[in-house]
Amino acid sequence: MKVLHFAGLTRTPARLVKGLGLAVGLGAAWPAHAASWSIRQAPAQAGTPITGRVVDEKGEPLPGANVVVKNTNVGAATNLEGQYSINAPAGATLVFSFVGYPAQEITLNGRTSIDVKFAAPQSQSLNDVVVVGYGTQSKREVTGAIASVKGAELVNQASQNPVSSLQGKVAGVQITNSGAPGAAPEIRVRGVGALAGVSPLYVVDGTLLPQGTDLSFLNQDDIASLEVLKDAASASIYGIQAANGVVLVTTKRGTAGATRISYNGFGGVQTITNRVKLANAQQYAQLLNEKFALTGIDPSNNLPLDLPSTDWLKEITRTGSTQNHQLSLSGGTDRASYSFSGSYLQQKGILQNADYERITARLQTDFAVTDRIKVGYSASFANLNSHDSPGLPSGVFGNYGIGDLANVGTGVIPNLGLLSPNVFAQAYVAPPVLQPFLPSGRYGDPAFVGAGLGSFANPRATLDYFVQRSQGQTLVSNAFAALNFAKYFNLRTSVGISYGSSRFYNYQKADSLTSVQVYRGNTLTKGTSQNSQVQWENVLTYDRSFGTDHHLTALVGTTALRFHSEQQVGSINGVQAGGADSYYFNLGTVGTASLANNPGDLFTIFSLFARVNYAYKERYLLTASFRRDGSSKYIQANRFGNFPSVGLGWVVSEEPFMKGSSVFDFLKVRGSFGLLGNNNVPNNVSTSRVTYAPYSTGFFGNPSTPVTGANIDTQVPPSATRWEKAQEYDAGLEMRFFQNRLSAEFDFYNRRTLDALFPVPVLSSPGYVNSVGYLDNNATFQNQGVEAALRWTSASTGDFSYSLGFTGAYNQNKLLSTLSGSPLFAGILPLGGYRTTISRVGAPVGAFFGYQTAGIFQTTQEIADSPQSATAKPGDLRFVDTNGDGLLDARDYVVLGNPNPRFTYGLNMNFRYKLIDLQVDIQGVGGVEIFNAQRLVRVGNESYTEDFYNNRWTGPGTSNTTPSADLAGRNLDPSSYYVEKGDYIRLRNVQLGFNFPKSVTSSLHAQTLRLYANAQNPLTLTKYKGFTPEVGGTPTFAGVDLNVYPLTAIYNLGINIGF
Amino acid sequence: MKSITITKRRSWLPALAVLGLALGAISSCSKFLEVAPQGQPLTTQFFQNQNDASYAVASCYAKMREYNTVAFNWFSVAVYPGDDVDKGSTPGDGDYLNDYIYFRFTATSGDHERIWTAEYQQINLCNQVIQNVPGISMDATLRARYVGEAQFLRALAYFNLVRAFGGVPLHTKPAETAEELNLARATREEVYALLISDLTTAAANLPAAYGTADIGRATKGAALTLLAKVQLYQKNYAASLAASNQVLTLGYSLVPNFYEMFRIRGENGPESVFEVQCTTLPGNCDASNSYWALSQAPRPQFGWGFCTPTADLENAFEPGDQRKAGTIMYRGTTTPEGDSISLQNSNERYNMKAYVPNSVTKACLYGADQNIRILRYAETLLLNAEAANELGQTAKALDGINQIRVRAGLAPLPGGLSQEALRQAIWKERRVELALEYGDRFFDLVRQGRAATVLRSRGFVAGKNEVFPIPLSQIQLSGGKLTQNPGY
C-alpha cells in the first residue's frame, strides 16, 4: 500500500500533477503514473482504509490516478490495475483526478469501497492541461492566447504533414498548402510578423527545430497535441526564436499498463480540382490568327482551325495515389514506460513521375531510476525518398540549392530564354496545337508549329528526360534527466538534437529532343546538404502552494544552442546513361567537373530565462517571464537582448458575486504584453565580407585560362544592426454557458514589429551588388486583429451526439513607417523585369502595385485622346494616368490589392450516431487578392484560356473587360487586370466512420475496429480564375500566382484497429 | 510499505553540480557566441597580397561579360536607339524594348536603370583595386599594371555612362561615408577629365603586349585608342590624333578576312585592341555566362534573335563591300561553317558578328565562347582619320580610311575630297565597319549632331533624347540630390 503525504499542500491533486508536469514535463505530456514516484511517501494517516478501482470511460484501469481526502494532505495513487487504498474518516469526501479528465468528488457516507469511472475527456475542457513552454498549465489558468489541438483531431486526415491538418482549426493561424509531394505548407501566426524567416518556431518534445525545418519527418499519428503559442507573452519564454509564434509538438508517450497495439492505415487517390480550361486547338488557332491580323503578320502564316488538340496539363498529369500505414505499441510499468511507432507513407503525385516516400520510426521511453530521479528519451527518425519534378523544389532536398537545381535540373535548353524550367509553367504556355509526339515518333517540335509563336518547350519531352532523385534523413531527439529535491524543487537537464541530411542526383542525358530542347554533356549533378542543431538546457522549477489561497510556480533556466548547415553541389559531364548504379563522378570526363560549396551557416545562441506563475484563490492569475538572449548573428555590442512578458487573468466566475450566475459557467478576462526578438535573420548582416563567386572568374591567355575572382561588392549597413523586436498586446475573454456546452473565446491583439530588418534601398552609384538595399533596422509594421473560437457540444447521452466548432480571425497588416521613408519593391516578374509588389507606409506588406485599368480601348479616337497614344491600339487595356501628367509610367502605379488575407475561418463539425461518426471541416479565407501572373507570363506565344476566348475583345463594343488576342506590349505591364479576388471557401475534410460493435471486435481480440472514408478538399468555391487560390510566397512577394502546383483533392479509405 | 527520507545535503548536490555547469557556460558564453562568417573572409583580410590583387582585377574583367552589363540593358541605351537594328525576335517578345527604339522610354523604364547600376558596379570593382592595390607589398611593375588595368576598365564604364546620361556622380574611390554614398552629378567635363587622366596614366603603366598567359588584359594600345575616342567626343582633335598616332606604332595590323576576325579562331588577333574574354568553363556555367551572342543568334534555331539588322543598314553597304557578309546573316543561307540558317527562323536578318557555329560547345550557353569586340585597330585608324580630317590633315585621313576600304574590297577614296565630304565618308565608313559590334552608332549620331535628322522617323526629340533620363528611383533615393536631364 502506498500512502502519499503532501506536506503543506492542500490543493487538488490535479494541481499537483500539473505542477510536476510543469516541473519536469519540459514540453512533453507527463505520464500520469509519474505521480506515483515523484510524490514523497510518508507514514499512513488515521482513518478507515478505503479501497476501490478507478477506470476510464471504456472501463480500462487507470494507473496513476490520484485520490485525495478533501481538505487534507492525505493522498494515494492507483496502481497498474487502477486500484487504490487510502485511509480516510468515514464522513470524508474523496477527490479523484487524472490528467485530462474532469475531477470527481465523492462523499464516503460510511462506505469503504468506492469505484470510480471517469467520463470521456472532453476536448477543450477547462480542466485540460495545455503545454506551455517549459511546462504545462491548466487551461483555466492560462493568461495568454494559446490554442491547443489534440492529436485525435488530426489523425486520419490524409495530410502528409501535420501542419496541413491544422488548416481552419486554429483561429489566427493561416496555412497555405501545396499539393506537391513532400512540399511543406506555409504557416503564418497572426499575419506576417517579419520579412525574413516568417515561419513559427517548432518545438518537438522540447527540442527546438531550426528555422525553415518543418514537421514532414513526423507522422501525425505520433502527435499527442499541438499547441500554438500565439501571443507574445506566451511565446516570449522562447525569446529570440519566437517572433513568429511557437508551435509546440508533444508526441505520444507510453503509460503504465498493458501493452497497447494499434494499426492505422489509409489509402486513396489524388486528383486535380478546379482545373482551368485552356483554349483548345481550334480556339487557339482562332485567337492566334486574330493576333496576326492585329499585328500585321501575313495571313499566309495563319493556323488551320482543324489541328488536333493537346491538353497539355492532362498530358503531364495523372491520378495520384497515397497510402499510409502506421503501427504503434505503447505500455509500461510503474517505473518505466515506452512508446514505439513505425510508419510508411507513399505518395504518387498528380504530376507524372513525381513521388514521395517516407518511413518514420519513433521511440520514447521514460524511466524512474529512483523515486527522485527520472530519465527519458524520445527520438523520431525519418527516411525520405522522392522522384523530383522538373523545375520544382524537391520534396526532400527542398529549396536548398534550388538555384543550382534550376541550372542543372533541366540541362541546357538554349532557346527557352525567359521561360521557366518548371514543367507546369511549360504546360501552361505550350500551345494546344503542339503535339506531344509526331507520327514519326519524335517529339513534337515547338519551333516549327507555326511562324512567330515564340518560346515554349514540349513539356512531354521535358518530363520524359528529367531524372532526379532525392533522399534524406531527419532525426529529432531529446534526452533528459530530472531530479526532484527539497520538496518543491525539480531540476532538469536535457539535450536536444535535430539533425538533417539530404542528397540528390540529377542526370541529364545528352540528346536532341526538339530544336529548343537540346541537352548536352551527359551531365551528372549531385548535391548533399547537412544541418544540425544541438541544444543543452537546464531548468530549475519551484512549485509550492501556500495555504489554501496561494499557488506559486517559478522556474529559471539556461539554453545553449548551436546550428550548423552546409551544402555541396558538384557536377561532371560525360557520364554514360546507365541508371543510378552508374551515377558516380569517377565515370565522368576528366576536366569537366565543378564543385560548389555554398557558404555555410553557423550560429550560436545562449539564453537565460525565468518565469513566475502565481494564482490567488484560482481567481487572480499572474504570469511573468523574462528571457535574456545572446546570438552570434549580431555584432558584439548588440548581441544580447532582453525579452520580458507579463500576463494577467481574472476568473470572474470564481468571484462570490458570480457564484449564483445562471448565465456563465465560466468567465475569464485576461490580458498580456510581451516582447520578442527575431533571430531569423541572415548571419553577420553588419559584417563586411569578401565575395568569391564563379561569375567573377576572369579569363586570360591563349589558351584561355580562368583566374579566380574575388571582391568587395556588398554594402553593409552604416550602423550595426540590432535586434528586430515584436511587441504585442493581447486581450482575451473566455466564457462558458449552458452547463459548459457552449464555450467561446475571443482575443484582440496588436503586434508591432519594431526595428524590423527591412531592406534599406540604396543608390546604385556606389556600385554595390545589393543595390536593392541592405538589411537594417528600417521599418515598423503592425498586425492587428481579432480572433474568435466557439464550440457547442451536445449532451453526451443518447445515441446521437455532436459538436460544432467555429474559428474565425480578422487580421490587418500594415507597414507603419520606414526609416528612410522609401518603399521596398519586390516581386520582379520574369518578363520585362516588372515589379508587381510594393511595401510602403500605410499599405500592407507586399501589396500589389501597378496601373489601374479603365476598360479596353474601343476605337483609335479613344487612344488618340489618351496618354497611351504612342503605344496602344484598339483592344488594349486602358490605363489611368493617376497623376495627370500626360505620361503613363511607374509614377501612375497604385496599390491594387493585398496578398495577406484579412479573414481566415474554419467550421469543424463532429457527429456521432450509434456506431457511425461523421466529421466535416470547412475552411476559407476572405479579403485577399491574388496577382494572376499566370495570365501574363508569355513570351511571344499565348497560352489563352477558354475564359479569355469567350470574353475577348474582337471589335468596338465587344468587351470592356478583356483585351484583344494581341495580349502583348503594354498590356503585360502590371495592372489591375491581373489582380483578382482570392477568397475561397472549401470543404477541407469530410470523414465518415463506422465503429464495429464489441461483438465483432472481441471476436478479433481487438478493442476497437473502425473503417472510414475520407475526402480532403473535395470542393473549393472561389471566383479566382487560376489553378488554386492558395498561392503563398515570401512576405514581400506573396500571392503572385506564377506556375503554381494545381489544387488537388484526396479520397481515402482507412482503417483503425486497436488491441 | 516503504518510507523514503531525503536529506537536504544529498538532494542539493546534483543540483549544485548542474548549476555549476550552467554558470560555467554563462561565463564562457561570450566565446561561445563568437562565430566567424562561414566561407566568407572579412574584408579586413582582403587586399593583403598579390593573389588578392589578381583576384580583384579578375572581377573587374568578369563584370564586363555579365548579362546586366552587356546584354539587353546595354542594347537599350547603345544599340536599339540607333538606326542599325530592329527589336528582332517575335513581335510580342520583349515588346518593351521597342520603347528604346522609338524613344518612348521614361524616367521609370527599367533597362537604362539597370545599365546605370551595372556600370557603377563595374566602377566600384575598379575603385576597390585603384584604392587598395597600391598599398599591397608586391612586385611594383605588376602592381602598377593592375592599377592601370582597373583605370582602363573604370574609364570604359564612365565613358558609357557619360555618353548615355551626360554628367553623372563621379565615384573615384569606394564609398564609405554617407556623403560619399550620395554624390551629386558631376559635370560632363569633369567626367571627361577623369577619363583622360585615367587613360593617360593607364597608357603609361600598361604594356604594349602580354605573354601568352595574359592575353586579353588591357594594353597600352587599348588605353590610347580609348583615349583617342574620348578626345574625339570632346572634339579635342589634336589630342585625339596624338593618342591614336601612338597606337599606329604599336604593331597592330588589319586582318585580311573580315568574316574570319569575328570567329572564335580570330579572337585576340593582330587587329584586336580590346576584347571582353568569354570562355566556356566546362562544369562551371556560372563563369561561362556571356549572353551577348545568345541574345542575338537566330531564333529559335540558336538563340533569341534580338538586335536584327535593319534594311537601312543593309543598304548602307556599298556594292562589293565584303564586310556585308561578315555583318549580316540571312535566313535561308548556309554559313561558311556549314550551318544552314533555317527559313523557319522568325527574322530575315541576324547579326553575323554574333554568330557561333553550331559545332561549338553549348555546354553552358550558346555562344558563351564568343568574345565581345570592344576596340579594334580598324577603329583606331578611323579615329585617327577623323581627327586628322578635322585638323585639315587630309592625306593622313585618306590613308587611314583607305586601308580600311581596301581591306573591305572597295576602291580607295580619291584625293581632293572636301573636308566635309571626307568627314561624311569617314562617318559612313565608321557605321559599316563597326556595325552591330559593341554599340557606337547611337552615340556617334549624337556626337556628330545628326541624331535629330537620322532618327527623326523613330521619334527622336532634339534637345531631349541626346541623353537618357536619370532613373527616377535614383533621384528619389538621392533625396533630390540627383537632378533630371532636360525634358524628362
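Buried means under 20% relative accessible area, exposed over 50%, and partly exposed in between, with a 1.4 Å probe and protein chains only as the basis. Keep that handy for the exercises below.

This is a predicted model, where local features need pLDDT of at least 70 and side-chain atom pairs count only at pLDDT 80 or more, while totals for chains, interfaces and linings use all residues. Residues are numbered from 1 along each chain as its sequence is written, chains are lettered from A and ligands numbered from 1 in the order in which they are written, and side-chain values use heavy atoms, leaving out hydrogens and water.

**Exercise 1. Find B:Phe103 and decide whether it is buried or exposed.**

Step 1: go to chain B and look in the loop between α6 (98–101) and α7 (111–132). Helices (H or I, at least four residues) and strands (E, at least two) are DSSP runs, numbered from the N terminus.

Step 2: Phi of B:Phe103 is near 55 degrees, which is positive in a residue other than glycine.

Step 3: apply the cut-off. B:Phe103 counts as buried because its relative accessibility is 9%.

**Exercise 2. Work out how many residues of helix α5 of chain B are buried.**

Step 1: pick out residues 72–79 of chain B, which form α5.

Step 2: go along the helix. B:Phe72, B:Asn73, B:Trp74 and B:Phe75 are buried, and so are B:Ser76, B:Val77, B:Ala78 and B:Val79.

Step 3: draw the conclusion. Eight of the eight residues are buried, so α5 of chain B is largely enclosed by the rest of the structure.

**Exercise 3. Describe the interface of chain A with chain B.**

Step 1: start with contacts (heavy atoms within 4.5 Å). On this basis 101 residues of chain A touch 98 residues of chain B.

Step 2: get the area. The two chains bury about 8,600 Å² between them, with 62% of it on carbon and sulfur atoms. Buried area here is the accessible area (1.4 Å probe) that two parts lose on being put together, summed over both. The trio A:Phe699, A:Phe700 and A:Leu763 supplies 9% of the area that chain A buries against chain B, more than any other three residues.

Step 3: turn to the polar side. There are 27 residue pairs in polar contact between the chains, both residues at pLDDT 80 or more. A polar contact is a pair of N or O atoms within 3.5 Å; within protein, one must be able to donate a hydrogen and the other to accept it, and residues adjacent in sequence count only if both atoms are side-chain atoms.

Step 4: count salt bridges (a side-chain nitrogen of Lys or Arg within 4 Å of a carboxyl oxygen of Asp or Glu). Chain A and chain B share two. One of them joins B:Glu34 to A:Arg639, at 3.0 Å from N to O.

Step 5: see which element of chain A gives the most to this side. That's strand β29 (residues 594–616), with nine residues.

**Exercise 4. Identify which residues a cis peptide bond joins in chain A.**

Step 1: check omega. The bond between A:Asn702 and A:Pro703 is cis, with omega about 0 degrees.
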